Amino acid sequence: MVSLNLYWGMRKLDRNSRALIIHLLVEGNSIRATARIADVSKNTVTRLLEDAGRACEKFHDENVRDVEASHVQTDEIWALCYAKQRNVKDAKSAPSETGDIWTWTAMDRDSKLMISYTVGDRSQNTAREFMFDLEGRLATHIQLATDGHGGYLKAVTDAFSGDVDYAMLIKQYGDPTGQKSHERKYSPAECTGPKKEAIFGKPDLEQVGTSHIERQNLTMRMGMRRFTPLTNAFSKKAENHAYAVAMHFMHYNYCRIHKTLRVTPAMAANLVASPWTVDDIVALVEKAEDAAPKKRGPYKKRVKKDISD
């Protein structure tokens, strides 16, 4: 007889096991490494990632609202899904959302709160979706700083209707080594000429910068294995990529004590009074499961037959 716990997999894991799996994932472990350490199947880890990602995404959407911020910085970070863009045409059995995948992020410079994030391509449509989401979460007039990506211009205009002090930080990059070599794969490009440009409103150019959000890129790459370049840990499904991002930012905003602030970003932004733990994230997953409709009919009969075999 097949064990009921084994058959149901993640659904019958106790809270401590779920907390361990989530903790391993948000600390940068891959799906397979997490499965080995937690002594569960890869599918169990993936299903928990999906459920936790949905719960975290829903919580962020409903609760990170009316944020009081003064300076917001945005950026986009690249990753790949299933295959690099240049290899998509030759990829076998590739899903529909294959190739380059971008995570757009907006962070409050002072509280370090990740206010808004959007996973998609680097198009004008995604930029517009991202900026409308950001605008809807703010309670105050802000100074906004972005890089020189052209998609921001119309997106910021449409979303904020001019009610923002907006400036771009445009950087020029050169060859980091001065020659074509293998070192170019591992060395960051050298910034040869940053330029601050006021777009509209009255931005204080002395306060314009994107260094905080760019530092956040490192946190993302260290906290999500699928963002680590030059490995095989990249995402195979865009949907799971988005779930990993949602879970990461939930942990970052609510659970992780910022070294400089000595509180979590959510506490610094006055969204909560005390830090969360991974157990609180597990509680969100369990709450979502309790609210989900129970499956009935032929599904129960099939499960009963499989278990009896």
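Which residue forms a salt bridge with Lys171? Glu214 does, with the closest N and O atoms 3.0 Å apart. A salt bridge here is a side-chain nitrogen of Lys or Arg within 4 Å of a carboxyl oxygen of Asp or Glu.

This is a predicted model: local features need pLDDT of at least 70, side-chain atom pairs count only at pLDDT 80 or more, and totals for chains, interfaces and linings use all residues. Residues are numbered from 1 along each chain as its sequence is written, and side-chain values use heavy atoms, with hydrogens and water left out.

**Overall make-up**

- The protein has 11 helices and eight strands. Helices (H or I, at least four residues) and strands (E, at least two) are DSSP runs, numbered from the N terminus.
- Of the 309 residues, 44% count as buried. Buried means under 20% relative accessible area, exposed means over 50%, and partly exposed lies in between (1.4 Å probe, protein chains only).
- Take the contacts between residues at least 6 apart in sequence: 63% of them join residues at least 24 apart. Contact means heavy atoms within 4.5 Å.

**Confidence**

- The mean pLDDT of the protein is 87, and 84% of its residues reach 70 or more. pLDDT is the predictor's confidence in each residue, from 0 to 100.
- Among the elements, helix α1 (residues 4-8) has the lowest mean pLDDT, 40. Helix α9 (residues 265-268) has the highest, 98.
- Residues 1-11 stay under 50 in pLDDT. The model has 23 contacts for them beyond four places in sequence.
- Residues 298-309 are also below 50. That stretch has 10 contacts in the model beyond near neighbours in sequence.

- Helix α3 spans residues 31-38, and its buried residues are Ile31, Ala33, Thr34, Ala35 and Ala38.
- The cover over these buried residues includes α2 (15-26) and α4 (42-63).
- Asp39 follows α3 and has a positive phi, near 60°.
- Two packed helices are described by the angle between their axes and the distance between the axes.
- The axes of α2 and α3 come within 10 Å and cross at roughly 145°. Axes are lines fitted to C-alpha atoms, for helices over the stretch in contact, and angles run from 0 to 180 degrees between N-to-C directions.
- On the α2 side, the contact is made by Leu20, Ile21, Leu24 and Leu25. On the α3 side, Ile31, Thr34, Ile37 and Ala38 take part.
- The residues of this contact divide into seven nonpolar, one polar and no charged. Ala, Val, Leu, Ile, Met, Phe, Trp, Tyr, Cys and Pro count as nonpolar, Asp, Glu, Lys and Arg as charged, and the others, Gly among them, as polar.

**Salt bridges**

- The count of salt bridges comes to 12.
- The pair of Lys171 and Glu214 links distant parts of the chain, 43 residues apart. Lys171 sits in the loop between β5 (165-170) and β6 (173-174), and Glu214 in helix α7 (residues 211-223).
- Lys171 counts as partly exposed because its relative accessibility is 25%. Glu214, at 29%, is also partly exposed.
- Arg54 forms a salt bridge with Asp51, the closest N and O atoms being 2.9 Å apart. Both residues lie in helix α4, three residues apart, about one turn of the helix.
- Arg54 is partly exposed at 39% relative accessibility, whereas Asp51 is buried at 13%.
- Asp61 and Arg65 meet through their side chains in a salt bridge of 3.1 Å, N to O. Asp61 has a relative accessible area of 35%, so it counts as partly exposed. Arg65, with 30%, is partly exposed as well.
- Asp61 and Arg65 belong to a network of salt bridges with Asp133 and Arg137.

**Two individual residues**

- His251 lies in helix α8 (residues 238-254). His251 is buried, with a relative accessible area of 8%.
- Leaving aside neighbours within four places in sequence, His251 is in contact with Val26, Glu27, Arg256, Val278 and Ile281.
- Leu205 is in the loop between β8 (195-200) and α7. Leu205 counts as partly exposed, at 34% relative accessibility.
- Beyond neighbours within four places in sequence, Leu205 is in contact with Ala167, Lys196 and Ala198.
- The C-alpha atoms of Leu205 and Ala145 are separated by 9.7 Å, and the two residues are 60 apart along the chain.
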